[in-house]
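Here is a short briefing for a first look at this structure. Keep the sequence and the 3D view open as you read.

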Amino acid sequence: MIELRNVSLKYGDREILKNVSVTVRDNTIKAILGPSGVGKSTILKLMLGLIKPNSGKVFVDATDITPLKETELYPIRRKMGIVFQGNALFDSMTISQNLSFFLRENLRLPESEIEKRVVEQIQFAGLEGYEDQLPENLSGGMRKRVAIGRALIFNPRMILFDEPTAGLDPVSSKKILNLIDSLKQKSGLGAVIVTHIIDDVFAIADCVAVLYKGEIIFDDVTEKLHESQHPFIRSILSDKILEL
Amino acid sequence: MPTTLARSLSSQAALQLKEFLLTMQEFFLFSLRAFATIPKIKRYWRDFLDQATICGTESIPIVLVSSISIGSLLAIEVGNLLEDFGAKTMLGRSTSITVIRELGPLLMGLMLSARFGSRNGAELGAMQISEQIDALRAFGTDPIAKLVMPRLVAALVMFVPLTALADFAGLQSAAILAEHYHRLDPGIFWNAVYPRMIPKDFVVGFLKAPVFAIIITLVSSFNGFAARGGTAGVGRSTIKGIVVSSGLVLIANFYVSKIVLENM
């Protein structure tokens, strides 16, 4: 379980998050919905301890990670996987090298075990035959699947997705959403999905938190979103574009 | 009105000073971390070899071009000057002091600041912008140990032989020019070089190599890590890295010479 408790964050004079509290339970898919540039990706980075809040606490499985040093955070981060918006694949490495890189770096596994896990992820992502390709030679959807495979390589309990369908065509988007849903159904994985696309939320999220002007204005099961009377939520439900 | 303006200017200056001090603090911690991770070099030996090839082997042409050009120019200009005083036979001595103590390492430092420093800044800046550095941290790898430390060790190892190469090429080109331009016998030229060299000459020249290696690698890498704001941000951080490291190389060149010459 991941919990942000009364978290505030400022960049210079700009207040990004104001007293934000969000809880993500195991084996559930939680969406964080909001317009672009509102601080949604920042929430994911806070959950991983990549940045520290100005005030408030971040708990991962009841451990407060805010005072932890970088080296103390590494084992906690391995409980989670992350899929960055731009995938953040290493462009000088092949697909199989991208998948095996962190296993070689961080776990003392025998080479046969590393190869086994890489083959599993290649099959899971449906990328057989592309093992020796560089990321630049793959389509956007394929790169996203490699990034998901990489996030799964440590067998995490929770995966964080930063705009998983942004920039993808409708067919690739649907494939990625189905993949995320299948992870929960088959492996019991929890997920946090940061998105500005409301259709994605209704497609797979069990619950949703809406971030608007640095504050959480809604946090409940997805179905109840329709009942909200907040003007911003009413506007996004009436198919308006999510812009501030 | 003037009071308000003065207050606004002083508060701006205070803010800039605060930002500068914070950046210095970050740079100090970044550098400390880079040195602290050197014991992990065995784990990252492949990265070290890659970087050694980039900053060492691949830098040979630019180091040769700059040192040959400066050696040749020195031979012509200093030779002309010495000829006026009838001291042409001292050309080897004057050229060797200038090349080995000062211009050899300095030019190599500036060339490598442009070549190796810009590569570091652009590569690490692009990795920062595309969240690859965040990915390293998110999956439990220390980005400074993986990306900066191998660059630092490679530069520390490779800058010394590059300095030797720059010195040799500069002196050799000066000897050739002395023979063909000033009609000075190579034996006389080299006789004014070797027997008169003293340990201090080499200490001054070769001490600069590791100092420049540290400056160039850490400044360019730090600026790469600090890149923000898309591709334009990568450009800005790369330029900043080159400008600052080149400036620091010039300053360090002066102080290393001053300290060694005064104390040896």
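In this predicted model, A:Val7 stands opposite A:Val20 in E2(A). Seven bridges join E1(A) to E2(A), and the two strands run antiparallel. They belong to an open sheet of four strands in chain A.

**The hairpin**
- E1(A) and E2(A) form a hairpin, with two residues between the strands.
- A:Gly12 sits in the turn and has a positive phi of about 65°.

**The sheet of chain A**
- The strand order is E2-E1-E4-E5, and the pairing is antiparallel.
- E2 and strand E5 (63-64) of chain A stand at the edges.
- Each of these edge strands has a single partner strand, so one side of each is left without a neighbour in the sheet.
- E1(A) also pairs with E4(A), in the antiparallel sense, over five bridges.
- A:Ile2 has A:Val60 of E4(A) as its bridge partner.
- A:Val60 also stands opposite A:Thr63 in E5(A).
- Strand E4 (residues 55-60) of chain A is joined to E5(A) by two bridges, and this pair runs antiparallel.

**The helix on the sheet**
- Helix H1 (residues 40-48) of chain A packs on the sheet.
- H1 touches strand E1 (2-11), E2 and E4 of chain A.
- The direction of H1 makes about 120° with that of E1(A).

**Two asparagines with positive phi**
- Most residues other than glycine have a negative phi.
- A:Asn27 has a phi near 55°, a positive value in a residue other than glycine.
- A:Asn27 lies in the loop between strand E2 (14-24) and strand E3 (29-33) of chain A.
- A:Asn27 counts as partly exposed because it has 14 C-beta neighbours inside 10 Å.
- A:Asn155 is not a glycine either, and its phi is positive, at about 55°.
- The place of A:Asn155 is the loop between helix H5 (140-152) and strand E7 (158-162) of chain A.
- Is A:Asn155 buried or exposed? A:Asn155 has 11 C-beta neighbours inside 10 Å, so it counts as exposed.

**Where chain A meets chain B**
- On the chain A side, 13 residues are in contact with ten residues of chain B.
- Which elements of chain A give two or more residues to the side that touches chain B? They are helix H2 (70-77) and helix H3 (95-106) of chain A.
- H3(A) gives the most to this side, with three residues.
- By class, the side of chain A that touches chain B has eight nonpolar, two polar and three charged residues.

**Chain B**
- Chain B has nine helices and zero strands.
- From the N terminus on, its elements run α-α-α-α-α-α-α-α-α.
- The C-alpha atoms of chain B fill a box of roughly 65 × 60 × 35 Å along the principal axes.
- Chain B has 264 residues, and buried residues make up 41% of them.
- Take the contacts in chain B between residues at least 6 apart in sequence: 87% of these join residues at least 24 apart.

Key:
Residues numbered from 1 in each chain as written. Chains lettered and ligands numbered in written order. Predicted model: local features only at pLDDT ≥ 70, side-chain atom pairs only at ≥ 80, totals over all residues. Buried ≥ 20, exposed ≤ 12 C-beta atoms within 10 Å, placed from the backbone. Pairing = 2+ DSSP bridges. Contact = placed C-beta atoms within 7 Å. Axes fitted to C-alpha atoms, helices over the stretch in contact; angles between N-to-C directions. Nonpolar A, V, L, I, M, F, W, Y, C, P; charged D, E, K, R; others polar.
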